[in-house]
Amino acid sequence: MKAETEQIVAALSELTKDEFYSLVGDAPYEIVAWDVDEKGPFTLENFLVDNKGLIPLEPAYFLDRIRHTQPKTAIGPYENLLSLLADRDLRIYGYRLVKLPGELQEWFPVESGWFGSLGIPMIICSSSSGEWIGLGLKQQSGFSTSPVCVMPDLESVSASTAQLVEQIQAIASQMEQKTKASENSLYVGNDWEIVVTDSREDVMHELLEKAGFLEVKEIKDFMRVSDEYGREIEEYQEEIAELEQELEEQGEGGTEELEEIEAELAEAREELEEVLSENKFELDFIDFFAEQLHNAKTYNLNFILGGEWCTVHYALGETSSSDRVGVVTISYTV
């Protein structure tokens, strides 16, 4: 690991020590680092593969598992789909829960074993014009009795890509996939989503978002520091600045008017300090990412469990040498 990355990891470890992410229960923060020299360029696809959230599946193995786990009516369409995409940079993944650090794994209501040998199918390929296509099952809390495949907007894509997407949609509309992770109904569905992107880097990102498993947000949203809180701080700062200016204009002395201004100023400073202390860690965390890292994002991996949300939160920022550093934690409403 590079010296710069090591320093940022150490500083972030110290900042998050003994701090907890609270929603239901108090989850600790675990440090996450991605070294591009060791693991290659950072993409969401590469990151999830590295953390066992996406399991690469060979077509032959995938079809074998389909034959053993899915209705007979699904086998033919799956065979047709893989035949259609065989020479198009085809990649098949099983999406599931990422491998969490031990303490987080113990507390999280979702279990990785629920996803079985296949996981939730996520398929990507390229078109002859260089665009990328993703096909995946959409997360939902109930079961669709017949397959549905949602088409993307094809107005801006090439004619060859549009034709291929239409062929994929026609086949997927016949694929009666049954995925049920547990008796708690983590995931059951029959609805397929298709996305089209210009780059390989974006296709898995957009597919998981469309399928309801991923949200990408700003760091301040991860820390849940509201805009109202920020405005409250600004108002106190403005009040203090005005009172300081008023004191300067009035001059120093023991007049009753000056004493009143000084008392108001002392009270405003005290109230500002109290407001700042309420969210000190959250503000320090946001400042850390703003000062030490760039391109910072929060990646929320969402799972529906019996109608409730369970989420793995990654907050990651980029170093000057393209490494990624951040934290992972969890929350749930179960």
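**A walk through the model**

C310 counts as buried, because its relative accessibility is 0%. Buried means under 20% relative accessible area, exposed means over 50%, and partly exposed is in between, with a 1.4 Å probe and protein chains only. C125 is also buried, at 1% relative accessibility. How many disulfides are there? The count is zero. A disulfide here is a pair of cysteine sulfur atoms within 2.5 Å.

Now the ground rules. This is a predicted model, where local features need pLDDT of at least 70, side-chain atom pairs count only at pLDDT 80 or more, and totals for chains, interfaces and linings use all residues. Residues are numbered from 1 along each chain as its sequence is written, and side-chain values use heavy atoms, with hydrogens and water left out.

On to confidence. pLDDT is the predictor's confidence in each residue, from 0 to 100. The protein chain has a mean pLDDT of 87, and 90% of its residues reach 70 or more. Which elements have the lowest and the highest mean pLDDT? Strand β8 (residues 148-150) has the lowest, at 75, and strand β4 (residues 54-57) has the highest, at 97. Helices (H or I, at least four residues) and strands (E, at least two) are DSSP runs, numbered from the N terminus.

Next, helix α1. This helix covers residues 3-16, which is 14 residues. From first C-alpha to last, α1 reaches 20 Å, close to the 20 Å expected at 1.5 Å a residue. The expected span is 1.5 Å times one less than the number of residues. Which residues of α1 are buried? They are T5, I8, V9, L12 and T16. These residues cover an arc of only 100 degrees around the axis, so they sit on the same side of α1. The arc is that of the directions from the helix axis to the C-beta atoms. On the other side of α1, A3, Q7 and E14 are exposed. Here is the general point. An α-helix has 3.6 residues a turn, so residues three or four places apart point the same way.

Now the rings. Rings of Phe, Tyr and Trp (its six-membered ring) pair if their centres lie within 6.5 Å; planes under 30 degrees apart count as stacked, over 60 as edge-to-face and the rest as tilted. By this rule, there are 19 aromatic pairs. Take W34 and F42. Their ring centres are 5.7 Å apart and their planes are at 85 degrees, so this pair is edge-to-face. Both W34 and F42 are buried.

Then F47 and Y314. Their centres are 4.9 Å apart, with planes at 85 degrees, so that pair is edge-to-face. F47 lies in helix α3 (residues 44-50) and Y314 in strand β12 (residues 308-318), so the pair ties together parts that are 267 residues apart in sequence. F47 is buried, with a relative accessible area of 4%. Y314 is buried, at 3%. Ring pairs also link a cluster: Y21, Y29, F222, F281, F285, F288 and F289.

Charges next. Side chains of opposite charge can pair when their charged atoms come close. A salt bridge is a side-chain nitrogen of Lys or Arg within 4 Å of a carboxyl oxygen of Asp or Glu. The whole structure has 13 salt bridges.

One of them joins R67 and E79, at 3.1 Å from N to O. This pair links distant parts of the chain: R67 is in helix α4 (residues 59-69) and E79 in helix α5 (residues 72-85), twelve residues apart. R67 is partly exposed, at 43% relative accessibility. E79 is partly exposed, with a relative accessible area of 32%.

Another salt bridge joins D284 and K280, at 2.7 Å from N to O. Both lie in helix α12 (residues 280-292), four residues apart, about one turn of the helix. D284 is partly exposed, with a relative accessible area of 28%. Salt bridges that share partners also join K2, D35, D37 and D323 into one network.

Last, two backbone angles. D89 is not a glycine, yet its phi is positive, about 55 degrees. D89 sits in the loop between α5 and β5 (91-95). At 41% relative accessibility, D89 is partly exposed. N295 is also a residue other than glycine with a positive phi, near 55 degrees. N295 is in strand β11 (residues 294-305). N295 is exposed, with a relative accessible area of 51%.
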